[in-house]
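Here are my notes for a first look at this one. Open the structure alongside and follow the points in order.

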Amino acid sequence: MIEFKNISVSFKQDKQIFAAVNDANFKIKKGEIFGIAGSSGAGKSTLLRTINLLQTVSSGQIFVDGENVTNYKKTQLRILRRNIGMIFQHFNLARNLTVYQNIAFVLKAAGKSKSETDARVSELLGLVNLSDKSNSYPANLSGGEKQRVAIARALANDAKILLCDEPTSALDLETTSSILGLLKDLNKKFGITIVIITHELDVIKNICTRCAVMNKGSVVEIGDVYGVFTKPKEEFTRQLLSHTNHFSLPEEILDKMEGPIIRLTFKGDNANNPILYYAANTFQIGFNILLGKIEYINGLPLGILYVQLIGEVDTLKLAIDYLAENTADLEVINHGL
Amino acid sequence: MDFDLKAALLLTFGQTMQMVISSLLAAIIIGGSIGLLLFLTSNTLFLKNRIINQIVGVVINITRSIPFLILLVLMIPVSKAIVHTSIGPNAVVIPLAVAAIAFFGRLSEASFSDVDNGVLEAAIASGASKLSIVLKILLPEALPSLIKNITVTAVSLIGFSAMAGTVGGGGIGDLAIRYGYQRYEPEVMFICVIVLVLLVQIFQIIGDSSAKQLDKSNK
């Protein structure tokens, strides 16, 4: 659906050349929700904007639906853009136009008649659950409502692709999940390909099927969301994950604890077996769960547990070996042996 | 009083309005277009063009740096060529318009620049033509600010038009200077100043309320 071939974008800044995107090479499949993660300044936004040519590339080619669109101009480019909707962090609705006028603008710009426009606007407002807000101005809407209007506007001309530039970064948690839910629905209902860039890894975990991770203009990792989150290949990805997962025992607690403390990671199938129970039974040890979390990404479990083990030194060693064999990852945090 | 004050006031008020309104119209149409050109040539989403932007910018700056009294004199040959006279309100409209065009050119550029670039980017991303974006997004978004700046221009023009007397332009300001100041008739000066104050107030009130009416960003 979308293919980046050797895409590089560089800017001149204070007479120095700065590479915002460095040789990006990957494909986004039709109908998938693809996430691009990375800290700010990683080049995510620049890369996203090359898809609808809001950003011209310094070298490389963009293919949309098999067509090389890199050099599209004027009418050809405008038709391409009608098929690619875009939403933004700050919604970017015209403040002096009503909800109706904001959406009608893109329909009229595509040559729709007044009656077609009216019908389509009410259909779209129904789709995003805002039928009663047609004559409101953006200032009278909440953040979530504004983003819904922006989504309606982006899809007005039957877009096949929806680009999302930090779509939930200005929203609270509850609104975020309702917007993500809407995007998921639209993807299911209409098969729209969605590309989301965000610095919030939770957004990617929540709705993406595949993702790429960017650092300093380069795509450092790409793959299934579950794979990237459970088995990050790159050090940078690991760092990024640990930043957002503030998930470790406080030092004071660690110092006070006696006996070994281990950090277990459960993934996929082994997450469904009562491994700790087996270990306790087999080796006659006690265990004490200090901190834990199990979440589901694309329906697959990912669990992390901090466990204090209690028992004889020899049996503890055997138990740790057993646990290491039967979980995805085991790290001994506090030896105490 | 040895002259008909009422008739003089009516005549000069008409002259002031004639000068202010016609030069204001020129400022809105020509100056506004120049402001739009300055904005479009400075914005990468539209027609970024450094050379055109700088040339137009320099011309505007030069015009704005000439004191109005000097512009008034400099423009005499131009007025002669265009309106075939170098005295009277018609002649003064030319230098007033030139000053107002340059003034409003810069102010309207600022009004356009204040429009949220993200809104324009969203419109470009929707595949709309640049012309329709300018007409249906940029203008409505900039309108409240443009109207405030039109008001500022109109008020300055009322002030400038008072200098028109120096080339026989007439107007209330001229009446105030000739009768009130030179002939020392303080009542005339007082009344003229009151009329000018009221005129400025009316312009300001109309401008402020219509700008507020059109600005939906805070309601």
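1. Start with A:Asp269, which counts as exposed because it has 10 C-beta neighbours inside 10 Å.

2. A word on ground rules. This is a predicted model, where local features need pLDDT of at least 70 and side-chain atom pairs count only at pLDDT 80 or more, while totals for chains, interfaces and linings use all residues. Residues are numbered from 1 along each chain as its sequence is written, with chains lettered from A and ligands numbered from 1 in the order in which they are written.

3. Now chain A as a whole. It has 12 helices and 14 strands (DSSP runs numbered from the N terminus: H or I of at least four residues for helices, E of at least two for strands). Its C-alpha atoms fill a box of roughly 80 × 50 × 35 Å along the principal axes, and buried residues make up 40% of its 337 residues. Of the contacts in chain A between residues at least 6 apart in sequence, 68% join residues at least 24 apart; contact here puts the two C-beta atoms, placed from the backbone, within 7 Å.

4. Chain A is split into domain 1 (2-243) and domain 2 (251-334), with bounds from an automatic or database domain assignment. Over C-alpha atoms, the centres of these two domains of chain A are 40 Å apart. Six residues from domain 1 of chain A and five residues from domain 2 of chain A make the contact. On the domain 1 side, helix 8 (residues 225-230) of chain A gives the most, with four residues.

5. How many residues does each chain bring to the contact between chain B and chain A? Chain B brings 23 and chain A brings 22. Helix 6 and helix 7 of chain B each supply at least two residues of the chain B side. That side divides into nine nonpolar, seven polar and seven charged residues. (Ala, Val, Leu, Ile, Met, Phe, Trp, Tyr, Cys and Pro count as nonpolar, Asp, Glu, Lys and Arg as charged, and the others, Gly among them, as polar.)

6. Those two helices also pack on each other. Helix 6 (residues 117-125) and helix 7 (residues 130-161) of chain B sit at an angle of about 165°, with their axes 11 Å apart. (Axes are lines fitted to C-alpha atoms, for helices over the stretch in contact, and angles run from 0 to 180 degrees between N-to-C directions.) Helix 6 and helix 7 of chain B are therefore roughly antiparallel, a label for angles over 145 degrees. Among the residues that meet are B:Val119 and B:Leu120 in helix 6 of chain B and B:Ile133 and B:Glu141 in helix 7 of chain B. The contact has seven nonpolar, no polar and one charged.

7. Helix 5 (residues 89-113) of chain B packs on helix 7 of chain B too: the axes come within 9 Å and cross at roughly 150°. This pair in chain B is therefore roughly antiparallel. The contact includes B:Phe103 of helix 5 of chain B and B:Asn149 of helix 7 of chain B. By class, this helix 5 and helix 7 contact of chain B has 13 nonpolar, seven polar and no charged residues.

Key:
Angles under 35 degrees count as roughly parallel, over 145 as roughly antiparallel, 65 to 115 as roughly perpendicular and the rest as oblique. A residue is buried if 20 or more other C-beta atoms lie within 10 Å of its own, exposed if 12 or fewer, and partly exposed in between; C-beta atoms are placed from the backbone.
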